[in-house]
Amino acid sequence: MAESWELVFMNGVEGFMYPNEIELHWSVLIVLYPFITGLVAGAFILASLERVFRVEAVKPTYRLALLTALSFLIVAPLPLQLHLGHPERSPEMYFTPHSTSAMAMFGYVYLWYLMAVLVFEIWLDYRRDIVLLAQRSRGLLRLVYRVMTLGIRCTSTSA
Amino acid sequence: MNLSRRQILVLLPAAAVAWKYVLADSPQSAPNYNMSDHWWGMLIDIPKCIGCGNCVRACKAENDVPDGFFRTWVERYHVTDGNMTNPEVISPDGGKEGFPAVTEDAGKYFYVPKLCNHCADSPCTQVCPVGATFVSPDGVVLVDPKYCLGCAYCVQACPYGCRYIHPEKKVADKCTLCYHRITKGLTTACCESCPTGARQLVDLKNPKDPIHAFLKTHSVQVLKPQMATGAKVYYNDLDGSVR
């Protein structure tokens, strides 16, 4: 039973927890997630400083900040997946979401952020590089780059 | 069959949705039980509870509840005069083996059996990301173990602490109001085993159920009424110090 040093206050009750709540289900793995998304937010702010607020001093960090944000965002669901009892069922949050659940609805916000903001913004910034890479590489990689350029081969600034 | 890219883009998600329907199958038929005829709840008579722990043991036996977790448990409150806001509460192993002898004579002692309140407006069903936990049409909050992700959001959301994650199945688990028994006309395992009749299953939609007469003549409360969960476990003579 709850030892007396477990002074959990339940509206004035000392040293008592509901028996099912003695084992914490949301612990360190859940805590890691906001830490990593905090890093994402910080990196994205750095990138936005350059583009949106036109702070010249951080100009060299633009690409690195975006790539940092993207890589952390891809990794952030990993502690959440490890926490789940059935991680193989987690895509069901996207296919059959429960509309009153904040967790399910935020899954879509996360996906939007990952796709629209980061992947799209990075693709937009790397367009010229991808065209050049498409010309220089061979085989499957060349095909991948060709798809990413959507077939365009011109490298002028207006393209 | 020559399909254009546009046709494939439309057919593929349609096929995925259709496949989900095939997998979902139809619900099991139950010719002798009509869900819309029932609205289940429970009545717990505090003065009658003696803290024997029969209900906790019966539930564990009936439902294979894992060790260390409880679908129902009993708490003992010790309220001394003039100190209603600071009661002393114990629940040794959920009250499964009863309670230790009383050492202090001052104040009053009483037992509060607790379980899932099968809330009509339950916070746990609201937060499930996939809808694996739901309120059945007859008022019982159930978990679909084949769909549950084990995220434990519902465990966090429940204000009464009645849920847990099953250590082997890794899904959310809780009192099912012995659904497999009540749909066959039996009562729950905890009510069946209670020696004093402190726990009684009630069917609020049944006009012949004694709960209706009981509600007219007694004062009943629910746990944490400020949470407005629509809890359906009614306590007779619940002390104000119960949390």
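Domain bounds are those given by an automatic or database domain assignment. For chain A, this assignment gives domain 1 (23–86 + 95–125) and domain 2 (126–159). Taken over C-alpha atoms, the centres of domain 1 of chain A and domain 2 of chain A are separated by 27 Å.

The structure is a predicted model, in which local features need pLDDT of at least 70 and side-chain atom pairs count only at pLDDT 80 or more, while totals for chains, interfaces and linings use all residues. Residues are numbered from 1 along each chain as its sequence is written, and chains are lettered from A and ligands numbered from 1 in the order in which they are written.

Chain A has seven helices and zero strands, where helices (H or I, at least four residues) and strands (E, at least two) are DSSP runs numbered from the N terminus. Of its 159 residues, 15% are buried; a residue is buried if 20 or more other C-beta atoms, placed from the backbone, lie within 10 Å of its own.

Two packed helices are described by the angle between their axes and the distance between the axes. In chain A, helix α2 (residues 62–75) and helix α5 (residues 102–125) pack at an angle of about 145°, with axes 10 Å apart. Such axes are lines fitted to C-alpha atoms over the stretch in contact, and angles run from 0 to 180 degrees between N-to-C directions. Among the residues that make this contact are A:Leu66 and A:Leu70 of α2(A), together with A:Leu118 and A:Ile122 of α5(A); two residues are in contact if their C-beta atoms, placed from the backbone, lie within 7 Å. The contact holds nine nonpolar, no polar and three charged residues. Here Ala, Val, Leu, Ile, Met, Phe, Trp, Tyr, Cys and Pro count as nonpolar, Asp, Glu, Lys and Arg as charged, and the others, Gly among them, as polar.

In chain B, strand β2 (residues 72–79) has seven of its eight residues buried, so it is largely enclosed by the rest of the structure. Strands pair if DSSP finds at least two bridges between them. β2(B) pairs with strand β4 (residues 108–115) of chain B in the antiparallel sense over eight bridges, and B:His78 stands opposite B:Tyr109 in β4(B). β2(B) also pairs with β3(B) in the antiparallel sense, over three bridges, and B:Tyr77 has B:Val89 of β3(B) as its bridge partner.

The contact between the chains takes 35 residues from chain B and 27 residues from chain A. On the side of chain B that touches chain A, α4(B) gives the most, with three residues. By class, this side of chain B has 22 nonpolar, nine polar and four charged residues.

Notes:
A residue is buried if 20 or more other C-beta atoms lie within 10 Å of its own, exposed if 12 or fewer, and partly exposed in between; C-beta atoms are placed from the backbone.
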